[in-house]
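Please read it with the model open.

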Amino acid sequence: MATQPGQDAKFFQRGKIEEFRAELQAAETKDKKYQKRKTVLKKVVANITMGNDMSPLFTDVVQCLGTPLLEIKKMVYLFLMSYGRAKPDQIHLVIPSFLQDCNDRNPLIRALAIRTMSYIPIPVVTDALGDQLRHCIKDRDPYVRKTAAICVAKLYTADPRKAERGGFVELLRDMMLDTNATVVSNAVAALSEIGDRQDGVIFRLNLPIANKLIAALGESSEWGQIYILDSLLRYVPEKHTDAEQMAERVIVQLQHANSAVVLTAIKVLLYLMNYMENRRLIDYICKKMGPPLVTLLSSGPEVQYVALRNILLIIQRRPAVLKNDVKVFFCKYNDPIYVKLAKLEIMYRLAREENAREVLAELEEYASEVDVDFVRKAVRSIGRLAIKVEPAADSCIQSLLGLIDTKVSYVVQEAVIVTKDVFRRYPGKYEGIIPKLCENLDVLDEPEAKAAMVWILGQFADKIENADELLDDLIYTFLDEPVEVQLALLTATVKLFVHKHQSDTTKALVHKVLKWTTEEVDNPDLRDRGFMYWRMLAMNPTLAGEIVLSEKPPITTDSDRMDRGALDQLLLHTGTLGSIYHKNPETFIRNAAGRALVDSPALNANSRAVLVPLTRPQLPSAVVNVPGPGPTEPVRPSSPSIPVAQSAGEGRGILDVGDATAESGAGRDSGEGYGDGDGDDDGDDDGPTNGSRDPYANLGGAFGAYSADQPKPMENRTGHGGDLDDLLF
C-alpha cells in the first residue's frame, strides 16, 4: 500500500469477476514476493470503492489471509469489512485466521484483526471476538489497546447485553486510567457512544477521574481532546469550588487552533458556570470566551455559519460575552446570504442604547441592497430595534418613513408590518405617520402586510377621516382574500362600526361583511368569529365596543427570546448539529439520548428553577448482574433532597447495569444551563390515581378541553444524594 501518489489510479477500471478469480488462482503458483496477489487485490479494492459487487470472490480472497505480507492482510480485511456481513454461511472459514492474527507478534496485525471482527456483527464472529478482545484490552502495546476500546463500542452496538454481561463496559472504565493519552481518549469516546444510546448504560464521572482526564488533554490529539472535553459534561459538581477549579483548567483550551476544540471548551465552561457562585470568575470567563468566538469569524463561510449559529445561542444565555463586539458582525459585501442573515440576527440581539445609532446606520445601508430576502430582514430589524431600544425609536421611525418613500414594493410592505408593532409598543406616540401609510395602500399585495394595514385602519378608525372608504375598497375583494386578511377585515370593520355607529355607510359595510362571513365562507374560525361579533352587536353594542376596543397589552421583546428550557438544553449541544438547527438531537436523530442539567447542591437557584426533566423510554424489565473487575466505590450518605424534577434512574452508574436495565430508559442527565433565568419550572402534572374498581378510571382525558385543567404541585423526589453520589468514574 506504500506506493507513490497517483500510481494506483490505473487500478480504478471496471473488471470482471472471472478475470480476477483467474488472476488470483494463477498467482498462487508463481508469486514468491506476492506482487501478483497484491496487484489483483488492489484491483478488487478499487472496484469495491467504485461500487462494483465483488462478493463472488469471497472464497478466493479469503485464501490470501495466510500471506505474511501486511499490505495484503489489510486489503483482505477491507474486503471482509465490506462483504463479511453478507456472507454469514461462509464467514466461518475466516475465524481461524482471525484467531491466529489476534495472537500475532506484530501489534498492527493484532489490532487489524480485532477491528475487522468488530465490523462483522454476526453471532459466530462476536462469539470469537469476546475472549480476544478481552486480551487486547490489556495488551502491552497502546495501539492495540486504543483499537480495542473502539471495538468495545462496536460490540455494544451489535449486542448490548452480551457486552454488559462480558464485563467490557467495566474494562473500558479501567482503561480511562491508562498511562497512554490516546488510549484514554479512545476509551472516553467508546463510553460516550455507549452512553449516548437510549438503551445504553449511564456514563458519569466523579471528580478524581475528571481531573485525570483534564490532565490527559495536553497529550491527546484534537479528536481525543474533543471527546474528553465533551465527557466533562457528565461530571456533576457537588461544590462550587470544584466547578471553579475545573473551569480554570479548561479555559486554557480556548487558545486552541482547532475550532471544534474551542467550541467544545466553551460548552464545558458554560455548563460549569451554572455550578459557580464566584461572580468575578464568571465575568472573567465570559470575557475570555469572546476573542476565540470572534476569531472563528475569520474562517471560511461554512465555519463562520456554524460559529454564528452557536453565538446566537450563547449571547442569549450570556450577553456579556460579546456585548462590545457588535461591529464584528457587520456584514461584508462578499458574505453569502446565509452568513448575512445570521449576522443580522446577532446584531439585533447585541443592540442596546450605547450602540443603537451604529446598528441603525448599518441596517439602513443593508435596506438598499440587491438581495430581496436580505433587505426584508434588514427593514424588519429596524422595526424590532425601535421596539427593543426606546431611545432609538424616533430615529428608527424616521428611517422607516424614508424607506416607505422609496416606493419599492417589498420594502414598503415590510415597513408597514413592523410599524404596526411599533404602534402597539408606543401607543399614542407615532399615530401622525398613519396618513403616510395610507398613501401606499395600493402597493400592498402580500397577506401579512395587507393584514397589518387593515389592523391599523380598524384600530385608529376614529383618527382616520376616510377609514370607511378605505375599508370599503379593501372589502371589495373580501371573498378572494386569504384567511389572515379576512379575519383582519372582519375585526377592523366591527371596530369601525363601534367608532362610527351612526354612519349609514358603516352600517351597510358591517352588515355586508358579517353576512359574507356567516353565509358564504367555509373557514370555521372566520365563520365562528362572524357569528360571535353579530350576536354581540345585536345584544349589547356597548359591551361589544368595550371588548373589541379593549386596551391591548404593549408589545415587548420577550417574544424574541427563546424558551428558557429549550435554550437550557440547546446549550448542551454547542458545536454540534443541534446548535445549527437549534433543535435537540433526539428530535432529528433516531435513538439519540437527550441531555439536561443535573441537580446538585452546587447548582445555583436560578438554574434549578428552569431545570428540564429528562426521561428515557422504559425497557422491558430484566436484571443483569455485572460483577466487573474494577473496584466499587463506597456509597456516601445521602444529602438532603432538593425539590426538583429528576429523571427516573438518574443515579445509575456505569456498573449498575443490573439495577437499571429495567429503567435504562432513565435519562443520562448531563449538560449546561444558565444561572439568571426567571422562568417558571414546568413539571409533569400527575392526575389523581383512579381505583381499580372504578369503571370510568380510564376516561380521565376523554373529554379534552371540557374538563377543568387544574394545576397540580410537582412531586418532590427524595433520596437524591445517595443515588447520585454512587459514581463509579
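1. Lys-436 is partly exposed, with a relative accessible area of 27%; the class "partly exposed" sits between buried (under 20% relative accessible area) and exposed (over 50%), for a 1.4 Å probe and protein chains only. The side chain of Lys-436 meets that of Asp-405 in a salt bridge, at 3.0 Å from N to O. A salt bridge here is a side-chain nitrogen of Lys or Arg within 4 Å of a carboxyl oxygen of Asp or Glu. The pair links distant parts of the chain, with Asp-405 in helix H21 and Lys-436 in helix H23, 31 residues apart. Asp-405 is also partly exposed, at 42% relative accessible area.

2. On the source: the model is predicted, local features need pLDDT of at least 70, side-chain atom pairs count only at pLDDT 80 or more, and totals for chains, interfaces and linings use all residues. Residues are numbered from 1 along each chain as its sequence is written, and side-chain values use heavy atoms, with hydrogens and water left out.

3. The protein chain has 34 helices and 0 strands; these are DSSP runs numbered from the N terminus, helices being H or I with at least four residues and strands E with at least two. Of the 729 residues in the protein chain, 51% are buried. Contact means heavy atoms within 4.5 Å. Among contacts between residues at least 6 apart in sequence, 72% join residues at least 24 apart.

4. Helix H22 covers residues 409-425, 17 residues in total, and reaches 25 Å from its first C-alpha to its last, close to the 24 Å expected at 1.5 Å a residue. The expected span is 1.5 Å times one less than the number of residues. Its buried residues include Val-411, Glu-414, Ile-417 and Phe-423. What do the buried residues of H22 pack against? They pack against helices H20 (372-388), H21 (393-405), H23 (434-438) and H24 (447-459).

5. Glu-414 and Arg-380 meet through their side chains in a salt bridge of 2.9 Å, N to O. Glu-414 lies in helix H22 and Arg-380 in helix H20, 34 residues apart, and the pair links distant parts of the chain. Glu-414 is buried at 5% relative accessible area, whereas Arg-380 counts as partly exposed at 28%.

6. The protein chain has 28 salt bridges by the rule given above. Another of them joins the side chains of Lys-38 and Glu-71, at 3.6 Å from N to O. Lys-38 is in helix H2 (residues 35-49) and Glu-71 in helix H4 (residues 70-83), so the pair ties together parts 33 residues apart in sequence. Lys-38 counts as buried, at 12% relative accessibility, while Glu-71 is partly exposed at 22%.

7. The count of disulfides is 0, a disulfide being a pair of cysteine sulfur atoms within 2.5 Å. Cys-102 is buried, with a relative accessible area of 5%, and Cys-396 is buried at 0%.

8. Lys-507 is placed in helix H27 (residues 504-519) and is partly exposed at 39% relative accessible area. Setting aside neighbours within four places in sequence, Lys-507 is in contact with Phe-497, His-501 and Gln-502. Phe-497 is 10 residues from Lys-507 in sequence and 6.6 Å away in space, C-alpha to C-alpha.
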